[in-house]
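Visitor: Could you walk me through this one? I'd like to go from the overall fold to the details.

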Amino acid sequence: MKTISKQGIGMTSDRTRGRLVERLVDQGIDNDSVLNAIEWVPRHIFVEQSIAHLAYEDRALPIGKRQTISQPYVVALMTAAAIDVENITKILEIGTGCGYQTAVLARLVENVYSMERIESLSLGARRRMRQLKLDNVRICVGDGFEGWEEHAPYDAIVVTAAAVHVSVALQNQVRVGGRIVVPLGRSSVQDLVCMERLESGWSTTSLGSVTFVPMLPGVDA
């Protein structure tokens, strides 16, 4: 078992968070930086109070607007794949949701840009970033298929909704040597893939099966 630093925020005990980290290690997550970030981020503040007692179980939970907060294992898996880039300083996240994945990323890279198509969710995520004093995060409301070209190129893009394909716009916003981590597929179970941009094109690696809500175009309230 790896030694994890105890950095608690909020009302949940170090012991509760430590048990979550132990489960992630048992499932094969071995990146110490990612494990520390998972343990630091108080997952209970990202869900409704009525289900906060479930926050440190390794499961997805509803956050309203027919969206979910991803299970910690999937967050850890996607994060570890995304940050495994030389000299990484800037990540784009597509699908802020409640901001949990955003906060984990913000503990690991210098700048996080995050897009959310549902305005009410983006407002809640912004409030939580302020609460956690994560001032290296910028959140906007927009269409994830279009990306956030203003701040491109990115070292990595993390997509937290299931897409049938990765848009050309997103592909063009990743630097050579960078990555896109995205669940791909039409069915209820998708293939989580890591796409690496090479000088000659794209190299794709499968990370396993996952279940995400579908990625939709446009914006909503």
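Visitor: How many helices and strands are there in the protein chain?

Guide: The protein chain has six helices and nine strands, where helices (H or I, at least four residues) and strands (E, at least two) are DSSP runs numbered from the N terminus. Its radius of gyration, taken over C-alpha atoms, is 16 Å, close to the 17 Å that the globule rule gives for 221 residues, so the chain is as compact as a globular protein of that length; the rule is 2.2 Å times the number of residues to the power 0.38.

Visitor: Before we go on, where do these values come from?

Guide: This is a predicted model, in which local features need pLDDT of at least 70 and side-chain atom pairs count only at pLDDT 80 or more, while totals for chains, interfaces and linings use all residues. Residues are numbered from 1 along each chain as its sequence is written, and side-chain values use heavy atoms, with hydrogens and water left out.

Visitor: OK, what about Ser 114, is it buried or exposed?

Guide: Ser 114 counts as buried because its relative accessibility is 0%; buried means under 20% relative accessible area, exposed over 50%, and partly exposed in between, with a 1.4 Å probe and protein chains only. Ser 114 belongs to strand β4, residues 111-116.

Visitor: And which side chain does the side chain of Ser 114 make a polar contact with?

Guide: That partner is the side chain of Thr 96, at 2.6 Å; a polar contact is a pair of N or O atoms within 3.5 Å, and within protein one must be able to donate a hydrogen and the other to accept it, with residues adjacent in sequence counting only if both atoms are side-chain atoms.

Visitor: Switching topic, how much space lies in the largest pocket?

Guide: The largest pocket holds about 160 Å³, a volume being the space filled by probe spheres set on grid points joined across faces, edges and corners. On a 1 Å grid over the protein atoms alone, a pocket is an open set with protein on both sides within 12 Å along at least five of seven lines, and lining residues have an atom within 4 Å of a point. Of its 13 lining residues, those closest to the centre are Phe 46, Glu 48, Ile 63, Arg 127 and Arg 128.

Visitor: Which element gives the most to that lining?

Guide: Helix α5 does, with five residues; α5 (119-131) and β1 (61-64) are the elements that give two or more.

Note on methods:
On a 1 Å grid over the protein atoms alone, a cavity is a set of points where a 1.4 Å probe fits but cannot get out, and a pocket is an open set with protein on both sides within 12 Å along at least five of seven lines; lining residues have an atom within 4 Å of a point.
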